[in-house]
Each structure stands twice: as structure tokens, then as C-alpha cells.
Amino acid sequence: MVRATGLHKHFGALHVLRGVSLTVARGEVVAILGPSGSGKSTLLRCLNHLETVQRGSIEIAGQKLASADATGASSYPSDSEVRRICQHTGMVFQHFNLFPHLTVLGNLIEAPMTVRKQSRADVVPLAEALLAKVGLADKRDAWPARLSGGQKQRVAIARALAMQPDILLFDEPTSALDPELTGEVLRTMRQLAEERMTMLVVTHEMAFAREVANRVVFMDQGQIVEEQPARDFFTQPRHERARAFLAHML
Amino acid sequence: MDYLLRILPPLLDGAGVTLGLFFITLALSLPLGLALALARLSRFAALRHAVSGFIWLMRGTPLMLQLLFVYYALPFVPVIGVRLPDYPAAVVAFTLNYAAYFAEILRAGIQSIDRGQYEGAKALGMSYAQTMRRIVLPQVWRNTLPPLANETITLVKDTSLIYVLALNDLLRAARGIVQRDFSITPFIVAAAFYLLMTLVLTWVFQRLERQQNAHVA
């Protein structure tokens with residue numbers, strides 16, 4: 001579903017991704033862990049073109065988002081082609097990024113209508129079903145400003161799902177939430193995982209990574225230092241930096 | 001009372017000229033201001049600088065000077081060199097001037113929109129144009145309504161500057177009668193007209209703001 005090879009990314013003098021390769025299969029839930037500044041969010045954002053890479057190639061659902069030439073330098077197709085390929089991905093942000101001028105339903109149906117040119121009559125039933133699924137059917141006509149953080153994030157998940165992506169990218173989805181509100185978001189994510197949604201999750205929720213993820217990718221200083229089935233990562237981390245990280249987090 | 005009824009028709013004619021200029025200027029300068037704001041934020045440096053220069057010029061010189069320039073001096077400018085009749089000249093000067101002010105208000109409004117809004121829209125597959133039209137500009141409109149209202153009310157009163165082009169707007173009509181009849185009543189009637197227009201505008205903008213703010217109340 002995702003195949004990233006040899007990604008390099010610089011922010012000016014800062015080398016944030018130093019040769020990252022990652023493959024995610026359909027139906028897999030992969031947790032990306034690591035200390036802050038390790039490049040995990042950047043990696044995620046490169047996969048849906050919120051950031052571009054300088055070197056390496058990215059394949060989403062079998063289509064080339066970034067191609068590497070003989071020297072490894074990356075090139076991207078046209079903007080419209082990039083948009084088309086990235087429609088296979090959906091993203092859930094740390095700060096939700098709901099559209100405050102639209103109701104909850106408006107947030108869900110906006111992109112299907114403007115991007116996919118679906119008719120309102122076609123999208124509304126799907127949107128309502130998604131709201132029911134995340135437990136917010138009664139908030140259909142509410143304004144985002146009236147929702148709690150946990151509700152906002154569940155709306156954001158439903159909004160991403162309304163575009164029917166093949167893979168969902170989560171960028172620290174519970175980091176901006178009060179501790180008592182993370183549970184409802186994690187429950188929704190767990191439910192998606194049970195439905196075999198392909199998910200790539202940057203998170204600090206160790207319990208979620210251990211119980212829900214199939215695989216853990218541990219990043220440090222712009223590189224993937226360890227990649228293991230979730231169970232093994234938590235019981236027998238191989239790399240010293242992963243052990244130090246776990247000791248700190250658990 | 002008789003006197004009032006007698007001076008009312010010419011004053012109403014004047015108010016018609018004032019209102020006409022007001023609405024035409026508003027209808028032209030708002031879209032032009034939006035285009036300038038977007039150009040001011042363009043990734044093409046030459047365009048950005050050109051628009052900045054234009055805004056500097058328009059905000060840095062008196063509107064009265066601009067009116068006189070468009071009417072009297074434009075015919076002598078090489079290349080452009082058009083002679084505009086008085087009313088179109090006024091429309092051009094007012095539109096360019098107000099577009100510059102609206103552009104700055106809208107630019108600030110666009111820049112105040114959180115980057116997360118663009119990212120959220122992009123992650124949903126929306127293009128730049130779709131993001132602007134559907135996500136950014138509706139929020140800009142809501143956020144900039146108060147300063148836009150302010151500028152619009154200023155425009156009502158600025159229209160009186162067209163007396164320098166000898167156009168018979170409300171104020172000029174009033175002045176004519178004052179000088180003819182040695183009575184200040186026409187000035188008071190004119191003031192009442194301006195206040196009435198401002199009152200109506202204030203009310204319209206309040207309604208718009210309430211309607212736009214329904215979701216944050």
C-alpha cells in the first residue's frame with residue numbers, strides 16, 4: 001500500500017530524514033514511535049505531499065508519488081496528478097484542522113462534493129453513517145467550536161474517511177487532547193483497525209501501539225533504527241536507543 | 001416645511017449621484033481588492049512588488065489628488081493618455097483607491113488563517129483554488145467584516161470629494177442651495193442623508209456579522 005525507499009529530507013541545514021525506507025501492506029496498522037525531532041511526523045507528511053522529499057521514491061497504492069532518478073534525486077508529477085495519487089491517503093492531524101465555518105456534516109461532505117464532484121444527496125447518507133460510526137450522529141448540525149477535543153478528533157477521522165481513502169495517516173492524533181478524552185479517539189481508531197483499515201500512526205500512546213499496531217517502527221535522528229512486530233518491540237527491543245526510549249515512556 | 005419640500009428634489013438628485021458612485025465603487029473595488037490581495041501574496045516576486053508599489057501609491061497620496069490626476073492629468077500621460085468624462089474619472093479614481101485599502105484588509109485576513117486549514121484541505125485532495133474558494137475566503141470574509149464595514153462607511157462620506165470635478169453630488173447640491181438662499185437648512189438635510197446611509201450600512205453589516213458568527217456564539 002505504501003512503499004517509501006531511501007527518503008532524504010532537508011529543512012535548510014537540518015537533515016530530518018536520512019535514508020528512510022518503509023513498506024506498509026494493506027490492512028496493516030503500523031505505529032511510528034520515537035523521541036520528538038526524530039522525523040516521524042515529517043515522514044508521515046511526506047507520504048501525502050504536505051512535505052516533499054529531496055531524494056528517494058514514494059509509491060502509494062502502486063502509483064509513483066515521488067520517483068528517484070539514477071542519482072537518487074526525487075521528482076514529482078504534475079500537481080493534479082499528485083492530488084489524484086494522494087486521494088488514496090487520508091490524514092488526521094494533531095490539531096484536528098476542522099473547518100470552523102462549516103457544520104460537522106459540512107466538514108464531512110465538503111471534499112467529496114468539491115473534489116470528487118459527488119452530489120449532496122449521494123454524500124450525505126455516507127457522511128451520516130460515518131458520524132454514527134464514530135458515535136457522533138447527534139452532532140450532525142453542530143459547529144466545530146461547540147465540540148470537545150475528543151469529539152473534534154472523531155469528526156476529523158470521519159471527515160478523512162468520507163473521501164474513502166485506502167490508508168489513513170495519523171499525526172499524533174491524541175497529543176492535543178486532555179488525558180480523559182484520548183480514550184474515545186483511541187477506541188475509534190481501534191475499531192478501524194479491527195475493520196482492517198490500513199493505518200500509519202505517529203503516536204506517543206504506548207498502550208495503543210502495543211495493543212493495536214501490528215508493527216512498530218522506531219525512529220531516531222531521522223532514521224528508522226528498529227522495526228519489529230509490536231509485541232516483540234515492547235518485550236525485547238533490540239536497539240539500545242529503543243530501550244532507552246521505552247524506559248523513559250513506560 | 002414648504003422650504004424643505006422645495007429643496008428636497010435637488011438634494012435627492014444629489015443623493016442619487018452619491019449613492020450611484022458609492023455602489024459602483026463598492027462593486028468594483030471589492031473584487032479588485034481581492035485580486036490585489038491574492039497577487040500581493042503570490043509566489044511571483046515581480047507581481048508582489050508591483051502590487052505593493054501600487055498600494056503604497058494609492059494609500060500614500062490624497063484621494064483628492066488622485067481624482068484630479070485621473071481627470072486632468074491622465075490625458076497627458078504617455079501610452080495611457082485617455083481623456084475620461086468626469087463621472088467615469090471619479091469611478092476610476094475611487095475604485096483604484098478603495099481597492100488598495102480593501103486589498104490590505106483582505107491580505108491581513110488571508111494571512112491570519114491558520115496553516116492547518118490549508119493542510120486539512122490539501123490532505124482532503126482540494127486544489128489551491130478550491131481551498132481558497134471553499135475554505136479560506138469564507139473565513140476571511142467573516143474575520144474582515146468589521147474593518148470592511150469601517151472602510152465602506154468611510155466611502156459614503158469620501159464620495160463628497162467629487163465636488164472637485166464639478167459633479168452634482170449631495171454635498172455640492174446642498175452647497176449650491178446654501179449659497180443661493182442664505183440658509184443652512186440644506187446642510188442639515190445633507191447631514192441627515194449621510195447619517196441615514198451610514199445607519200443603514202451599520203445595520204446591514206451588523207446583520208451580516210451576526211449571521212457569520214452563528215457558529216462561534
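**Figure 1. B:Leu38 sits in helix H1 of chain B.** This is a predicted model. B:Leu38 has a relative accessible area of 29%, so the residue counts as partly exposed. Beyond its neighbours within four places in sequence, B:Leu38 touches B:Ile110, B:Tyr128 and B:Met132. B:Gly120 lies 82 residues away in sequence. In space, the C-alpha atoms of B:Leu38 and B:Gly120 are 20 Å apart.

**Figure 2. Chain B is built from eight helices and zero strands.** Along the sequence the pattern reads α-α-α-α-α-α-α-α. The C-alpha trace spans about 70 × 50 × 20 Å along its principal axes. Chain B has 217 residues, and 44% of them are buried. Take the contacts in chain B between residues at least 6 apart in sequence: 74% of these join residues at least 24 apart.

**Figure 3. Helix H1 of chain B crosses helix H8 of chain B at roughly 40°.** H1(B) covers residues 2-40, and H8(B) covers residues 185-212. Their axes come within 10 Å. How do the two helices lie to each other? At roughly 40°, H1(B) and H8(B) are oblique. The crossing is right-handed. From H1(B), the contact is made by B:Tyr3, B:Leu4, B:Ile7, B:Leu8, B:Leu11, B:Leu12, B:Thr18, B:Leu19 and B:Phe22. From H8(B), the partners are B:Thr185, B:Pro186, B:Val189, B:Phe193, B:Tyr194, B:Met197 and B:Leu201. By class, the residues of this contact are 14 nonpolar, two polar and no charged.

**Figure 4. Helix H1 of chain B also packs against helix H7 of chain B, residues 170-181.** The axes of H1(B) and H7(B) come within 7 Å and cross at roughly 150°. An angle over 145° counts as roughly antiparallel, so H1(B) is roughly antiparallel to H7(B). H1(B) contributes B:Tyr3, B:Ile7, B:Pro10, B:Leu11, B:Gly14, B:Ala15 and B:Thr18 to the contact. H7(B) contributes B:Leu170, B:Ala173, B:Ala174, B:Ile177, B:Arg180 and B:Asp181. The contact of H1(B) with H7(B) holds nine nonpolar, two polar and two charged residues.

**Figure 5. B:Gly16 is a residue of helix H1 of chain B.** Is B:Gly16 buried or partly exposed? Its relative accessibility is 41%, so B:Gly16 counts as partly exposed. B:Val51 lies 35 residues from B:Gly16 along the chain. The C-alpha atoms of the two residues are separated by 33 Å.

**Figure 6. Helix H4 of chain B packs on helix H6 of chain B at an angle of about 140°.** H4(B) runs over residues 86-111, and H6(B) over residues 128-158. Their axes are 9 Å apart. The angle makes H4(B) oblique to H6(B). The crossing is right-handed. On the H4(B) side, the contact involves B:Phe94, B:Tyr98, B:Tyr101, B:Phe102, B:Ile105, B:Leu106, B:Gly109 and B:Ile110. On the H6(B) side, the residues include B:Met132, B:Val136, B:Leu137, B:Val140, B:Pro147, B:Leu148 and B:Leu155. B:Glu151 and B:Asp158 of H6(B) also take part. By class, this contact has 14 nonpolar, four polar and two charged residues.

**Figure 7. Helix H5 of chain B, residues 115-123, carries buried residues.** Those that are buried are B:Gly116, B:Gln117, B:Glu119, B:Gly120, B:Ala121 and B:Ala123. What do they pack against? From chain A come helix H1 (40-47), strand S7 (89-92) and helix H5 (149-161). From chain B comes helix H6 (128-158). B:Asp114 caps the N-terminal end of H5(B). One of its side-chain oxygens lies 2.9 Å from the backbone nitrogen of B:Gly116. Just after H5(B), B:Gly125 takes a positive phi of about 90°.

**Figure 8. A:Thr114 of chain A touches residues of chain B.** A:Thr114 lies in helix H3 of chain A, residues 104-114. With 10% relative accessibility, A:Thr114 counts as buried. Its contacts, leaving aside neighbours within four places in sequence, are B:Met126, B:Gln130 and B:Arg134.

Notes
Residues numbered from 1 in each chain as written. Chains lettered and ligands numbered in written order. Predicted model: local features only at pLDDT ≥ 70, side-chain atom pairs only at ≥ 80, totals over all residues. Heavy atoms only, no water. Axes fitted to C-alpha atoms, helices over the stretch in contact; angles between N-to-C directions. Helix = DSSP H or I, 4+ residues; strand = E, 2+ residues; numbered from the N terminus. Parallel < 35°, antiparallel > 145°, perpendicular 65-115°, else oblique. Left-handed = near helix turned anticlockwise from the far one by under 90°. Contact = heavy atoms within 4.5 Å. Nonpolar A, V, L, I, M, F, W, Y, C, P; charged D, E, K, R; others polar. Buried < 20%, exposed > 50% of the residue type's maximum accessible area, 1.4 Å probe, protein only. Polar contact = N/O pair within 3.5 Å; in protein donor to acceptor, adjacent residues only side chain to side chain.
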